[in-house]
Amino acid sequence: MQGPWVWSDPAKRQSVLDEIKKAHLDRILNVLAKSQGKGLSNAEMDSALRTWSMWTIRWQLTELTALGLVEYKVEPFGEPGKYSITPLGLTVLLELDWTEIITDLEE
């Protein structure tokens, strides 16, 4: 799946990255990246992001999944399903962090 961040137009790419940042979707990507590949269940996401309601987290996870930045894996034998960041999500997260560093240096 190709997302808008692979477009050749840098202005459009930056616009999409800004929208991800403005919607605070990068916070969820950060939490999932810190889970070291094991993923997090709904309850673990709720604990990690205590300042948000579970409805907000669920909506944002749905958006990130639709963008291909996060995937949901069903666990067998009654274990809770887990969300994990995809390689594309890591790429976008690194680009978001790099963009923020450059902005801070320019100011």
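**Group meeting: a walk through the predicted fold**

His 24 has a relative accessibility of 42%, so it counts as partly exposed. Before going on: this is a predicted model. Back to His 24. This residue sits in the loop between α1, residues 10-22, and α2, residues 25-34. Look at its backbone. His 24 is not a glycine, yet its phi is positive, at about 60°.

Now the overall layout. The protein chain has five helices and two strands. Along the sequence the pattern reads α-α-α-α-β-β-α. The protein chain has 107 residues, and 33% of them count as buried. Now take the contacts with a separation of 6 or more. In the protein chain, 54% of these join residues 24 or more positions apart.

Next, the core. Which residues have the most contacts inside the largest nonpolar core? They are Ile 28, Leu 32, Met 45 and Leu 61, in a core of 22 residues. Five elements come up here: α1, α2, α4 at 54-67, β2, and α5 at 87-106 each give two or more residues to this core. The largest share is that of α2, with five residues. As background, nonpolar side chains tend to be buried together in soluble globular proteins.

Stay on α2. Its buried residues are Leu 25, Asp 26, Ile 28, Leu 29, Val 31 and Leu 32. Setting aside neighbours within four places in sequence, Leu 32 contacts Leu 40, Met 45, Leu 61, Val 70, Tyr 83, Ser 84 and Ile 85.

How does α2 pack on α4? As a reminder, two packed helices are described by the angle between their axes and the distance between the axes. For α2 and α4 the angle is about 80°, and the axes are 10 Å apart. An angle from 65 to 115 degrees counts as roughly perpendicular, so that is the label for α2 against α4. Which residues make the contact? From α2 we have Leu 25, Ile 28, Leu 29 and Leu 32. From α4 we have Ile 57, Gln 60, Leu 61, Glu 63 and Leu 64.

Now the end of α2. Just after this helix, Gln 36 takes a positive phi of about 60°. Ser 35 is in the loop between α2 and α3, residues 42-48. Is Ser 35 buried or exposed? Its relative accessibility is 6%, under the 20% cut-off, so Ser 35 counts as buried. A polar atom of its side chain lies 3.5 Å from the backbone nitrogen of Gly 39.

Ser 84 is in strand β2. At 9% relative accessibility, Ser 84 is also buried. Leave out residues up to four places away in sequence, and Ser 84 touches Leu 32, Gly 39, Leu 69, Val 70, Glu 71 and Lys 73.

On to the aromatics. The count of aromatic pairs comes to one. Tyr 72 and Tyr 83 form that pair, with 4.7 Å from centre to centre and 55° between the planes, a tilted arrangement. The pair links distant parts of the chain: Tyr 72 is in strand β1 and Tyr 83 in strand β2, 11 residues apart. What about burial? Tyr 72 has a relative accessible area of 40%, so it is partly exposed. Tyr 83 has 3%, so it is buried.

Phe 77 lies in the loop between β1, residues 70-73, and β2, residues 82-85. Its relative accessible area is 81%, over the 50% cut-off, so Phe 77 is exposed. Its phi is positive too, near 65°, and this residue is not a glycine.

Last stop, helix α5. Leu 90 is in this helix. At 38% relative accessibility, Leu 90 counts as partly exposed. How far is Leu 90 from Leu 29? In sequence, 61 residues; in space, 7.7 Å from C-alpha to C-alpha. With neighbours within four places left aside, Leu 90 is in contact with Ala 33 and Ile 85.

Definitions and conventions: Residues numbered from 1 in each chain as written. Predicted model: local features only at pLDDT ≥ 70, side-chain atom pairs only at ≥ 80, totals over all residues. Heavy atoms only, no water. Helix = DSSP H or I, 4+ residues; strand = E, 2+ residues; numbered from the N terminus. Buried < 20%, exposed > 50% of the residue type's maximum accessible area, 1.4 Å probe, protein only. Phe/Tyr/Trp six-rings, centres within 6.5 Å; stacked < 30°, edge-to-face > 60°. Core = buried A, V, L, I, M, F, W, Y, C linked by side-chain atoms within 4.5 Å. Contact = heavy atoms within 4.5 Å. Polar contact = N/O pair within 3.5 Å; in protein donor to acceptor, adjacent residues only side chain to side chain. Axes fitted to C-alpha atoms, helices over the stretch in contact; angles between N-to-C directions. Parallel < 35°, antiparallel > 145°, perpendicular 65-115°, else oblique.
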